Structure formats: structure tokens, C-alpha cells
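Okay, thanks for coming, everyone.

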Amino acid sequence: MSQPSLSRILPQVIEAILHVLSTRYISYPFTADEQARVKGEFVRSFNFPGVIGAVDCTHIALRAPSVDEHAYVNRKNFHSLNVQIICDARMQLLNVCSKWPGSTHDSFILRHSRVGLRLEAGESGDGWLLAEELRYNLAHGRTRSDVERTIGLLKGRWRCLDASGGKLLYKPEKVTRIILACGVLHNIALRHGIRMDPQEPPNPPPNEAPAPADAVRRRRQLIQRLVD
């Protein structure tokens with residue numbers, strides 16, 4: 001596909017993913033039943049009770065914006081969006097907050113995010129988010145590694161989100177929507193069993209790349225699963 005064709009189609013694809021699939025595949029557990037499921041998964045996987053999500057932030061590089069450029073320079077001195085990720089024990093994304101410039105502190109993002117505000121208002125019940133600042137024992141460290149592996153898996157699958165894939169050459173508003181769309185596709189892939197180990201190279205060597213016919217077949221199988 002040519003670059004002009006990709007640039008023309010990309011906005012339509014992103015809007016379709018976000019409009020049709022985002023709330024279906026990314027949803028934070030605010031009800032008691034939903035929170036009980038998430039808590040149970042963290043106990044079974046990490047023997048850590050009361051957790052309704054693991055949270056961390058990651059930087060997604062982008063071209064220097066023309067407006068408020070300085071706000072996007074992060075602590076590592078490159079332009080980015082600071083993206084908050086909340087996941088469950090299965091590395092499914094529960095919430096993605098991708099609108100904040102790279103200089104924004106992680107704790108500020110959590111306090112001002114939709115999830116943070118609702119939890120502050122008492123919708124967390126007796127559960128709590130597991131964040132870096134709360135690390136105090138081995139169980140916590142193992143549990144929090146879940147969100148780090150989730151971020152690695154997300155960036156490994158969608159190379160445009162990783163620094164090794166270069167920076168996104170769009171305005172921050174569009175990059176925000178690209179990140180959210182990648183999050184939706186991440187959950188779809190996990191839910192349908194298409195998974196990549198973040199420790200493995202994200203792209204196979206050329207001589208091991210799947211044949212085009214096989215790629216078409218796999219794409220059709222995924223589409224069929226989504227529409228069934």
C-alpha cells in the first residue's frame with residue numbers, strides 16, 4: 001500500500017475502531033461483579049488480594065508540535081505523550097489515557113483521569129490500583145510487572161508506539177487516537193488468542209515471514225471471529 005493511500009485511509013480506520021469497538025473491548029471494572037473478577041485474577045496469578053488494576057505510564061514519541069512544544073518534552077528530553085495504562089492480570093487493557101503531554105507527571109495523570117476521579121469519589125469499593133509508588137514486597141513487585149509486560153506487549157505488537165519504530169509524525173490529537181485504536185486492537189488480539197511474547201523479536205526475519213496467502217487467511221479468520 002502506498003503512503004498516500006495509507007494516509008487517506010488511516011483516519012477512517014481509526015474512527016471506525018474507536019466508534020464501534022472501543023467501549024466493547026476497553027472497559028474499566030466499576031461494578032462489584034466486574035471488580036470481583038479482576039481481583040480474583042490477580043489473586044490466582046500473583047497471590048495479591050484486592051487489586052482492581054495495575055497502572056503505569058509510558059512515553060509515546062511524536063514529532064515536535066507547533067503549539068506548546070515545550071510541554072511535550074519529557075524527562076528523557078524527547079517529545080512525547082505520557083500515556084497511562086491500566087491493565088488486569090491477563091494483560092488486557094482496562095483503561096488508556098493518552099491525552100497528556102510528555103512533561104506531565106504520572107501522578108497528575110492518574111488524579112485527573114476519568115478512572116482516577118471516579119475512584120477518588122468512592123467507586124473503587126474495597127479495591128485499589130497497584131502503582132509504582134506502592135512497591136513494598138516481592139508479591140507487589142511481581143504483580144506490578146504485569147503492567148510493564150502489558151506495555152511491552154502493546155509496543156511490541158504496534159511498532160508505531162515504540163521508539164525503535166520511530167516517532168509518530170502527526171499532531172498530538174491524532175496521535176492520541178492512534179494510541180487508543182492500538183489499545184483496542186491489543187485487547188481484540190488477546191481475546192482471540194493472537195499473542196506475542198514481548199521478549200521475542202516483534203518482527204520475524206525475512207526468510208521466516210508468513211506467506212501472503214497465509215496472512216490473508218489469518219486476517220479472514222480474525223474478521224470472522226469478530227463478526228460472529
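Predicted model: local features only at pLDDT ≥ 70, side-chain atom pairs only at ≥ 80, totals over all residues.

Residues are numbered from 1 along each chain as its sequence is written, and side-chain values use heavy atoms, with hydrogens and water left out.

So, the layout. The protein chain has seven helices and four strands; those are DSSP runs, H or I over at least four residues for helices and E over at least two for strands, numbered from the N terminus. Reading from the N terminus, you get α-α-β-β-β-α-α-β-α-α-α. Of the 228 residues, 43% are buried, and buried here is under 20% relative accessible area, with a 1.4 Å probe and protein chains only. Now take contacts, meaning heavy atoms within 4.5 Å. Among those between residues at least 6 apart in sequence, 67% join residues at least 24 apart.

Let's look at the strands. β2, residues 80–87, pairs with β3 in the antiparallel sense over six bridges; pairing takes at least two DSSP bridges. I86 sits opposite N95 of β3. The β2–β3 hairpin has five residues between the strands, and M91 there takes a positive phi near 70°. Eight of the nine residues of β3 are buried, so β3 is largely enclosed by the rest of the structure.

Is T150 buried or exposed? It's buried, with a relative accessible area of 0%. Not counting residues up to four places away in sequence, T150 touches C87, M91, L93 and H186.

On to the nonpolar cores, which are sets of buried Ala, Val, Leu, Ile, Met, Phe, Trp, Tyr and Cys residues joined through side-chain atoms within 4.5 Å. The largest has 35 residues, and I85, I179 and V184 have the most contacts inside it. Which element gives the most to this core? That's α6, with seven residues. As for V184, leave aside neighbours within four places and its contacts are I17, L18, L21, S22, Y25 and I26. There's also a second, separate core of nine residues, including Y28 and V115.

On a 1 Å grid over the protein atoms alone, a cavity is a set of points where a 1.4 Å probe fits but cannot get out, while a pocket is an open set with protein on both sides within 12 Å along at least five of seven lines; lining residues have an atom within 4 Å of a point. Points join across faces, edges and corners, and volume is the space filled by probe spheres set on them.

There's one cavity of 30 Å³ or more, and the largest cavity holds about 40 Å³. I85 and I179 turn up again in its lining, along with T58, I60, V83, L154, K155 and L161.

Last, the second largest pocket, at about 350 Å³. It has 18 lining residues, and I26, N95, V96, R114 and L180 are the closest to its centre. β3 gives the most to this lining, with five residues.

That's the tour, so over to you.

Key. Buried < 20%, exposed > 50% of the residue type's maximum accessible area, 1.4 Å probe, protein only.
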